[in-house]
Amino acid sequence: MLGANLNAMTPREIEILNFIAGADMGMAIDRCRRKRDVSERNIPLACTFLRQYLFLKAVTAGGMEIIDQAADNLWHHWILHTRQYREFNQGISAAAGREVWLDHGPYENGDMTRHPGREVFFANYRRYFGRHYRDPIAA
């Protein structure tokens, strides 16, 4: 599921991953298509990466940032649907057994390739997905 290394996860982490993998992102995908913020060919990859990233954000201590522009664009569209995004975060909280809110903030320097949280992301990605993250996809 989402390419995860389930052997490296606790039962609670697997529950969180299952919830995120099954979350309905249809409204955000539709908005991406209408706005043409992510190419049609990249939408499936952006969806997978955003789910992986949100999982990592939910189960790790933080300090990392999203490094994929297409997935970031998709996330922007999803958080505009505030009721659905709030319900998504409530579902993660229920799966995690603690309060979880997956905040989104701006890049301070406007360049995701230079963010100090990149290395934290890469380490967490290797831990849970057992490989190195592919190169960011173009929006």
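1. Burial first. A residue is buried when its relative accessible area is under 20%, exposed when it is over 50%, and partly exposed in between, using a 1.4 Å probe and protein chains only. Asn89 is buried by this rule because its relative accessible area is 0%. Asn89 belongs to helix 5, residues 82–96. Beyond residues up to four places away in sequence, Asn89 touches Val100, Trp101 and Leu102; contact means heavy atoms within 4.5 Å.

2. Basis of the values. The model is predicted, so local features need pLDDT of at least 70 and side-chain atom pairs count only at pLDDT 80 or more, while totals for chains, interfaces and linings use all residues. Residues are numbered from 1 along each chain as its sequence is written, and side-chain values use heavy atoms, with hydrogens and water left out.

3. Overall fold. The protein has 6 helices and 0 strands. Helices (H or I, at least four residues) and strands (E, at least two) are DSSP runs, numbered from the N terminus. Along the sequence the pattern reads α-α-α-α-α-α. Of the 139 residues, 46% count as buried. Among contacts with a separation of 6 or more, 73% join residues 24 or more positions apart.

4. The core. A nonpolar core is a set of buried Ala, Val, Leu, Ile, Met, Phe, Trp, Tyr and Cys residues joined through side-chain atoms within 4.5 Å. The largest one holds 44 residues, and Ile16, Leu50, Phe55, Leu74, Trp78, Phe88 and Phe121 touch the most other members. Two or more residues each come from helix 1 (11–22), helix 2 (26–35), helix 3 (43–59), helix 4 (69–79), helix 5 and helix 6 (118–129). Helix 3 gives the largest share, 11 residues.

5. Helix 3 against helix 4. Their axes come within 8 Å and cross at roughly 75°. Axes are lines fitted to C-alpha atoms, for helices over the stretch in contact, and angles run from 0 to 180 degrees between N-to-C directions. Helix 3 is therefore roughly perpendicular to helix 4. Angles of 65 to 115 degrees count as roughly perpendicular, under 35 as roughly parallel, over 145 as roughly antiparallel, and the rest as oblique.

6. Residues at that contact. Helix 3 brings Ala46, Cys47, Phe49, Leu50, Tyr53, Leu54 and Lys57, and these meet Ala70, Ala71, Leu74, Trp75 and Trp78 of helix 4. By class there are 11 nonpolar, no polar and 1 charged residues. Here Ala, Val, Leu, Ile, Met, Phe, Trp, Tyr, Cys and Pro count as nonpolar, Asp, Glu, Lys and Arg as charged, and the others, Gly among them, as polar.

7. Cover over helix 4. Helix 4 is mostly covered, with 8 of its 11 residues buried.

8. Asp30 and His77. Asp30 lies in helix 2. Asp30 counts as partly exposed because its relative accessible area is 40%. Asp30 and His77 are 47 residues apart in sequence, with 9.1 Å between their C-alpha atoms.

9. Cysteines. A disulfide is a pair of cysteine sulfur atoms within 2.5 Å. The count by this rule is 0. Cys32 is in no disulfide, its nearest cysteine sulfur being that of Cys47, 7.8 Å away. That distance is too far for a bond. Cys32 is buried at 1% relative accessible area, and Cys47 counts as buried at 9%.

10. Arg36. One backbone angle to check. Arg36 is not a glycine, yet has a positive phi of about 55°. Arg36 sits in the loop between helix 2 and helix 3. Arg36 is exposed, with a relative accessible area of 73%.

11. Val59. Val59 lies in helix 3. Val59 counts as buried because its relative accessible area is 18%. Apart from neighbours within four places in sequence, Val59 contacts Glu13, Ile16, Arg98 and Tyr128. Val59 and Glu13 are 46 residues apart in sequence, but 6.9 Å apart from C-alpha to C-alpha.
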